[in-house]
Amino acid sequence: MSTQAPAAAPIARLRTLRSVAVRTPEAVAAAEFYEQVWGLQQVEADNGVSWLRGSGAEHHILEVRDGEANGLGKIAFSVGTPREVDEAARRLAERGIALVAEPGTLDQAGHGYGLRFADPENRLVEISCDVEAVAPRDPDGRKAVPRKLAHIVLNTVDIDAACAFYTDVLGMRISDWSEHQMAFLRVNSDHHVIAFNKAEWTSVNHMAYEMASVDHFMRGIGRLKHQGVVPLWGPGRHGPGANTFSYFADAAGLVCEYTSEVAQVQEDAWLCRVWRRTPELSDLWGTAGPPSADVRSHMAGIPDAGGWWKR
Ligand SMILES: [Fe+2]
């Protein structure tokens, strides 16, 4: 008989990936790129910080703020109720994980009630509820602009520790592996909202924005082409997640992706698989070819020690 203590429950039931914040010395140019080229819309700006929305219901999906070098600002997830935020604070304390912000009204555009803490690689994680509503921006759904944030891929120096933290503490599920190089994690029926990529240093690999269909996706790529912005890699369709992809560099040199049709997971029937990293599994259409040295270098970025809020 095992005498092991039962594992502690995750701190909360995460519903969605709400938004990501990035920090960059090129904050003004980057915010301009996301509004004028990429198809987001600025909701608010304050003191060098821009909050941008997609066409969906989320108040904002991207925050761009000044930083001394390119890096992650934070990752924000939603939970259902203020009580869940308070309970998460209690469970974090039980696990000995310090809060960066106690439960309370969030001091940012859209407000909401939430808390913040750091993950093992010093990335800031926020969970929140009751964020302000925004009016529909594209009611007939025709515009070839991002609807929501689809996922963020994070470079990690310890993929097993990262997966352990995000599954054990945050209750995420691993949908698939790409060998032992990438892990795809979900919080709802979308195949992944976070992926970890084994790398030499911690950094943001890229952020992906969801288009409503392959047609919207292709029209979006066309719109960018007419503005002189061409993909670093793609278009194509990935094996794990089955989503379409087209990767670009933003004005700060961070990688952003248009995607669509991410696989939907039926929770009680899904089996995690390990995908071999072969061309026919990584690029299902055979249109994209292998990633170039240039896109790989953009995706590696520069080392991001995190913990910027302490400085
Ligand atoms: Fe992606």
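Colleague: Why is cysteine 129 called buried?
Modeller: Its relative accessibility is 1%. Buried means under 20%, so cysteine 129 counts as buried. Bear in mind that this is a predicted model.

Colleague: What makes cysteine 256 buried or exposed?
Modeller: Cysteine 256 has a relative accessible area of 0%. The cut-off is under 20%, so cysteine 256 is buried.

Colleague: How many disulfides are there, and how do you know?
Modeller: The count comes to zero. A disulfide needs a pair of cysteine sulfur atoms within 2.5 Å.

Colleague: What makes His151, His206 and Glu257 donors of the iron ion?
Modeller: Distance. The atoms are NE2 of His151, NE2 of His206 and OE of Glu257, and they lie 2.0 to 2.2 Å from the iron ion. The limit for a donor is 2.8 Å here, so these atoms qualify.

Colleague: How are the donor residues spaced in sequence?
Modeller: The pattern is H-x54-H-x50-E. Histidine 206 sits in strand 13 (residues 203–210), glutamate 257 in strand 16 (residues 255–260). The pair is 51 residues apart in sequence, so it ties together separate parts of the chain. Histidine 206 and glutamate 257 are both buried.

Colleague: Why is asparagine 122 called partly exposed?
Modeller: Its relative accessible area is 25%. Asparagine 122 belongs to the loop between strand 7 (113–118) and strand 8 (124–129).

Colleague: Why is the peptide bond from glycine 234 to proline 235 of interest?
Modeller: That bond is cis, with omega near 5°. Most peptide bonds are trans. Proline 235 lies in strand 14 (residues 233–237).

Colleague: How many aromatic pairs does the structure hold?
Modeller: There are 15. One of them joins phenylalanine 245 and tyrosine 247, with ring centres 5.5 Å apart and planes at 40°. Phenylalanine 245 and tyrosine 247 are both buried.

Colleague: Which residues form one aromatic cluster?
Modeller: Phe33, Tyr34, Trp38, Tyr209, Phe248 and Tyr258.

Key: Residues are numbered from 1 along each chain as its sequence is written. This is a predicted model: local features need pLDDT of at least 70, side-chain atom pairs count only at pLDDT 80 or more; totals for chains, interfaces and linings use all residues. Side-chain values use heavy atoms; hydrogens and water are left out. Donors are N, O and S atoms within 2.8 Å of the metal (3.2 Å for Na, K and Ca); water is not among the atoms, so sites may look incomplete. Helices (H or I, at least four residues) and strands (E, at least two) are DSSP runs, numbered from the N terminus. Buried means under 20% relative accessible area, exposed over 50%, partly exposed in between (1.4 Å probe, protein chains only). Rings of Phe, Tyr and Trp (its six-membered ring) pair if their centres lie within 6.5 Å; planes under 30 degrees apart count as stacked, over 60 as edge-to-face and the rest as tilted.
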